[in-house]
Amino acid sequence: MTGTTLRSEPRRRSRGRRRSAWSPKRLSNLRAWYDAELGQPKYSGVGAYVQLDGTSTDYIYTPDSVATSFSNDIEVVMRVRPNDWTTGAIQTLCGKYLTTGNQRSWRFYISATGTIGLTASADGTAVTTVIVTPTNAFVDATWIWIRLRLDLTNGANSVGYVDVAADTGANEVLPSSWTANGTNVGTTISGIFDGTGATEIGAFSNGTSERLTGRVGRCIIKSGFDGTTVSDFNASDCYGDGYTHVVPIVTGKQ
């Protein structure tokens, strides 16, 4: 797997013999790790997912690091199943966006009415948002692959793109082709602010705001279109009480 290898670490243990304390330093050559709430990974073979219930602290995150800080165009590929795309409330898909201390970098979300918001900040304070109305509305409680792209500078504008593909039934099987499902333009963005916030899936500002209700199977974040993978969350790697299992194996797993 290229780019960042991700881990899910439980916040508490409920079974198993006592082991030495775990810390991110034990990840050896890994550059990032993901934390998912205890008991959240659900299993359906290779189509495993993490269930997000929209409640406080129910989200997935990896701490700020060099690997997750970049300033190029943004591409996010997700296998996702929101319960409702038009809840009347905003739901975060993913982002690196901390409002405390003006540490906003970027955030992609579902609006209250089902449009897609692609937000980025060049200074951590002011934000530019491109709102994309899907050509074909998304179907509630249905797995889908989506590709969200934000071109920071395209002539006089920033440009947002939403592409879709039918579900492959497996987190490991990426779509072979994409269908355009909406685009729009916004103000040119000079770059992405190198904020100190965590990269989060299903919420922002440390799980406190605009949380997603639904299931997440995979979330790949790239710097640049078809560019370098900076993080890759795959729920199929989760097992036990929220750990992931990708070589090298971390001592102390259940």
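Predicted model: local features only at pLDDT ≥ 70, side-chain atom pairs only at ≥ 80, totals over all residues.
For the cut-offs, I took buried as under 20% relative accessible area, exposed as over 50%, and partly exposed as in between, with a 1.4 Å probe and protein chains only. Residues are numbered from 1 along each chain as its sequence is written, and side-chain values use heavy atoms, with hydrogens and water left out.

**Entry 1: overall picture**

I counted secondary structure and got zero helices and 17 strands in the protein chain. These are DSSP runs numbered from the N terminus: helices are H or I with at least four residues, strands are E with at least two. Of the 254 residues, 56% count as buried. I then looked at contacts (heavy atoms within 4.5 Å): among those with a separation of 6 or more, 67% come from residues 24 or more positions apart. The accessible surface (Shrake-Rupley, 1.4 Å probe; for residues, only the protein chains shown count as cover) is about 10400 Å², and carbon and sulfur atoms hold 49% of it.

Is β7 enclosed or open? Eight of the eight residues of β7 (103–110) are buried, so the strand is largely enclosed by the rest of the structure. I checked its pairing next (at least two DSSP bridges between two strands). β6 (91–98) runs antiparallel to β7 over seven bridges, and β8 (116–120) is joined to β7, also antiparallel, by five. In the β6–β7 hairpin, with four residues between the strands, G101 is at about 75 degrees; in the β7–β8 hairpin, with five between, G114 is near 95 degrees.

Skipping residues up to four places away in sequence, W106 touches a list including F70, I74, C94, Y97, I192 and I221.

**Entry 2: salt bridges**

Side chains of opposite charge can pair when their charged atoms come close. My rule was a side-chain nitrogen of Lys or Arg within 4 Å of a carboxyl oxygen of Asp or Glu, and the count came to eight salt bridges.

Back to R79: D167 bridges to R79 with the closest N and O atoms 2.6 Å apart. D167 sits in the loop between β11 and β12, and R79 sits in β5 (74–82), 88 residues away. At 30% relative accessibility, D167 counts as partly exposed.

R147 and D163 also meet in a salt bridge, at 2.9 Å from N to O. R147 is in β10 (144–154) and D163 in β11, so this pair ties together parts 16 residues apart in sequence. Both R147 and D163 are buried.

The next one I noted was R149 with D226, at 3.2 Å between the closest N and O atoms. R149 lies in β10 and D226 in the loop between β14 and β15, 77 residues apart. R149 is buried at 12%, whereas D226 is exposed at 57%. Salt bridges with shared partners join E75, R149, K222 and D226 into one network.

**Entry 3: two more side chains**

Which side chain makes a polar contact with R107? I found E210, at 2.9 Å to the side chain of R107. Polar contact here means N or O atoms within 3.5 Å; within protein, one must be able to donate a hydrogen and the other to accept it, and residues adjacent in sequence count only if both atoms are side-chain atoms. E210 lies in the loop between β13 and β14 and is partly exposed at 28%. Its C-alpha is 9.8 Å from that of S56, though E210 and S56 are 154 residues apart in sequence.

S158 sits in β11 and is buried at 0% relative accessibility. The S158 side chain reaches the backbone oxygen of T187 at 2.7 Å.
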